[in-house]
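Hi everyone, and thanks for coming. Let me bring the structure up on the screen, and then we can walk through it together.

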Amino acid sequence: MRSDYMDTALEAWESERPELDLEAAAVIGRIRRAASLVEERIGALIARFGIRNPGDLDTLATLRREGKPFELSPKELSGRLLVTSAGLSGRLDRLENAGWIQRTQHPEDRRATIVTLTDVGRELVDSVYSQTLDLYRDALGSTDPDQQAQLANELRTILINLGDA
């Protein structure tokens, strides 16, 4: 079996602190490392499309998943993206300046706005997301569908244990 970065790190810990139980570190360390490597690749992919960061893509994708008319209030977006309204504001400014979203006044509440994915934004996120799924498939390599389903279930358990619902 080939070695990875975590094998090297775990061997060093075993050498320095042989009394430690490193099984959980082997799992969580690999999850963190895999996430970091995937994020790095996603960053390179989205940069080719002019998207500044993964958070901007997440915002576009969240609107896209809503289905027609591809719109949410800033408060709804903030809640789904788990970002503050201040953090979202900068994203929305960038996305609106790029022509990927538009903000309009809420028809029933003049104090509120609605964020809508533009046609150009929808085409962009559809294209980027297709290529993102290709990247995910490449990352999984030769794991078969049953292994992928088992891994997804195990990761779901970890996320639930961490309070993600």
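Here is a question to start with: which helix gives the most to the lining of the largest pocket? Before I answer, please keep in mind that this is a predicted model. The answer is H2, which contributes 12 residues to that lining.

Let's stay with the pocket for a moment. The space inside the largest pocket comes to about 1,900 Å³. Its lining is made up of 45 residues, and those nearest the centre are Ala34, Ala35, Val38, Ala139 and Leu140.

How do H3 and H6 lie relative to each other? Helix H3 covers residues 54–65 and helix H6 covers residues 119–140; their axes come within 10 Å and cross at roughly 105°. An angle from 65 to 115 degrees counts as roughly perpendicular, so that is how H3 and H6 are described. On the H3 side, the contact is made by Leu57, Leu60, Ala61 and Arg64, and on the H6 side by Arg122, Leu124, Val125, Asp126, Val128 and Thr132. Sorted by class, this contact has six nonpolar residues, one polar residue and three charged ones.

The peptide bond joining Lys68 and Pro69 is cis, with omega at about 5°. Phe70 lies in this loop between H3 and E1 too. Phe70 is not a glycine, yet its phi is positive, at about 55°.

There is another residue with this feature: Leu82, also not a glycine, has a positive phi of about 60°. You can find Leu82 in the loop between helix H4 (74–81) and helix H5 (85–97).

So, are these two residues buried or exposed? Phe70 has a relative accessibility of 10%, and because buried means under 20%, Phe70 counts as buried. Leu82 has 76%, and since exposed means over 50%, Leu82 counts as exposed.

Note on methods:
Residues numbered from 1 in each chain as written. Predicted model: local features only at pLDDT ≥ 70, side-chain atom pairs only at ≥ 80, totals over all residues. Heavy atoms only, no water. Axes fitted to C-alpha atoms, helices over the stretch in contact; angles between N-to-C directions. Helix = DSSP H or I, 4+ residues; strand = E, 2+ residues; numbered from the N terminus. Parallel < 35°, antiparallel > 145°, perpendicular 65-115°, else oblique. Contact = heavy atoms within 4.5 Å. Nonpolar A, V, L, I, M, F, W, Y, C, P; charged D, E, K, R; others polar. 1 Å grid on protein atoms, 1.4 Å probe; cavity = no way out; pocket = protein on both sides within 12 Å on 5 of 7 lines; lining within 4 Å. Points joined across faces, edges and corners; volume = space filled by probe spheres on them. Buried < 20%, exposed > 50% of the residue type's maximum accessible area, 1.4 Å probe, protein only.
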